[in-house]
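Q: Could we go through this structure together? I would like to begin with the sheet and then turn to the charged residues.

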Amino acid sequence: MSRLSTLNPTRRRQVLAAISSFMNLIMIYVSLGMELAGRLLAKRHLQPRLGRQPLDTYLVRHYDRQRHLRNTTKISDTYTFDQIRMNRGLFRRFCEVFTVQGGLKKTRNVDIDEMVYTFLRTISHNEKNRTLQVNLRRSGETISRSIHRVLKAVIRLNSQFMKKPVPIPTNETSSRWKHFKRCLGALDGTHIDVRPLTEDKPRYRDRKGHLTMNVLGVCTPNLEFVYCLAGWESSAHDSRVLRDALTRPNGLNVPQGNYYLCDAGYANCPGFLSPYRGQRYHLKEWGTRQPETAEEYYNMKHAASRNVIERIFGILKMRFAILRKATWFTPKEVSRIVIACCIIHNFIKKEYGVDEIERTYPDTEPEQHPSADLESIEGTSMQPCAAWTQFRNDKATFMWDNR
């Protein structure tokens, strides 16, 4: 620079321009070399074993996760309902209720809405853990922990969301329930597919050869669950499951003078009104044929009213796909999931009223469950009662005379 200072201004500008041109030429050649090297490396990276992995940092995973949650729970009510069986407002209400009352707490890395979405997505579509790992960019352990945290929070609110039964009033005018005064609802059993251990498979095998779990459900005429007992093997008869429900400390309670409607697989005893055996009592058996005796007329009206328990089972399985086929959860976990699904059904019924699934589900009797047959109920404490048999006969005669 000292030599340049001795030059006159014109000569100095010429020298600086020459140096700048030389440096620009060098940069052009360096850029061309880097571009050529990049193209050569790209061709090599087309080979499977030399493929370059995408950038996967914490910020990238967090952004992908938040984008997935935003697209599924914050943009469209229709799309949110398809994904988790709730609209956006009900999803926020669900997170709020089960956080404040159920004791659900967020962890250092997982928020409440993500845990709830993970659980609802799992039971709504029987989603695999591996699929959720890809969508939420989480590990399998994190997904499993989130599911079980929400499951425990839902189970804690069992007593709060299970409906308290109200008897049918004496001034009831609806054609379906006016013949069954003081009735609390209906009960029945359904079967849920499970994957038990090899040594336990004989106990879970039903008469059709399927590995299932026997679930007792009790509901009100308004399609709300009153009680649910899950966990019994399918080899156990419905009457045995009902007896266990009645003897549990916090089990099913039938007030004196009230009763539930049940099918012919149960005994006609105090608290449980069953149809006549040897007569038609499924709605699909009638068709266009009209009843000719008091027993047939009673069975037809009984089946029309008891159909609420069949319908609520159908709505529950349509709402939650995890109940329609076997999962990789253990039978103990499946029993808790069944109870949680009943609680969430009552929550949706309470907050949302009649939703799209209940509106589209037909009010007809679906295929009967394997346990709803004419098997013997001997050996149980629920034996037919003469007074209750006379009560049924009087009711059938009164219904026939006032038809």
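Predicted model: local features only at pLDDT ≥ 70, side-chain atom pairs only at ≥ 80, totals over all residues.

Q: Is E2 buried or exposed?
A: Eight of the eight residues of strand E2 (residues 212-219) are buried, so E2 is largely enclosed by the rest of the structure. Buried means under 20% relative accessible area, exposed means over 50%, and partly exposed lies in between (1.4 Å probe, protein chains only).

Q: And which way do its residues point?
A: Thr212, Asn214, Leu216 and Val218 point one way from E2, whereas Met213, Val215, Gly217 and Cys219 point the other way. In a regular strand, side chains alternate between the two faces of the sheet.

Q: How many bridges join E2 to E1?
A: Eight bridges join strand E1 (residues 183-193) to E2, and the two run antiparallel. Ile192 stands opposite Met213 in E2, and Asp193 has Thr212 as its bridge partner there.

Q: What about E2 and E3?
A: E2 and strand E3 (residues 225-233) pair in the antiparallel sense over seven bridges. In E3, Trp232 is the bridge partner of Asn214, and Glu233 is that of Met213. The hairpin of E2 and E3 has five residues between the strands, and Leu223 takes a positive phi near 60° in this hairpin.

Q: How much of E3 is buried?
A: Eight of the nine residues of E3 are buried, so E3 is largely enclosed by the rest of the structure.

Q: Now a change of topic: how many salt bridges are there?
A: A search of the whole structure finds 15 salt bridges. A salt bridge is a side-chain nitrogen of Lys or Arg within 4 Å of a carboxyl oxygen of Asp or Glu.

Q: Which residue meets Arg93 in a salt bridge?
A: The side chain of Arg93 meets that of Glu351 (3.6 Å, N to O). Arg93 lies in helix H5 (residues 88-100) and Glu351 in helix H13, so this pair ties together parts that are 258 residues apart in sequence. Arg93 is partly exposed, with a relative accessible area of 32%, and Glu351 is also partly exposed, at 34%.

Q: Where do Glu310 and Arg306 lie?
A: Glu310 and Arg306 are four residues apart in helix H12 (residues 294-319), separated by about one helical turn. Their side chains meet in a salt bridge (3.3 Å, N to O), and both residues are buried.

Q: What is the distance between Lys349 and Glu358 in their salt bridge?
A: Their side chains meet at 2.7 Å, N to O. Lys349 counts as buried, at 10% relative accessibility, and Glu358 is buried at 6%.

Q: Which residues are linked in a network?
A: Asp64, Arg67 and Arg137 are linked in a network of salt bridges.

Q: Which residues form the positive surface patch?
A: Arg149, Lys152, Arg156, Lys332 and Arg336 form the patch. Helix H8 (140-156) and helix H13 (331-352) each give two or more residues to the patch, and H8 gives the most, with three. Patches are made of residues with over 30% relative accessible area and no salt bridge; like charges are joined within 9 Å, and nonpolar side chains (Val, Leu, Ile, Met, Phe, Trp, Tyr) within 5 Å. Lys and Arg count as positive and Asp and Glu as negative, while His and the chain ends are not counted. The place of a charge is taken as NZ of Lys, CZ of Arg, CG of Asp or CD of Glu. Accessible areas come from the Shrake-Rupley method with a 1.4 Å probe, and for residues only the protein chains shown count as cover.

Q: Finally, where is Cys385?
A: Cys385 is in the loop between helix H14 (356-360) and helix H15 (386-401). Cys385 and Asn268 are 117 residues apart in sequence and 6.8 Å apart in space, C-alpha to C-alpha.

How values were computed
Residues numbered from 1 in each chain as written. Heavy atoms only, no water. Pairing = 2+ DSSP bridges.
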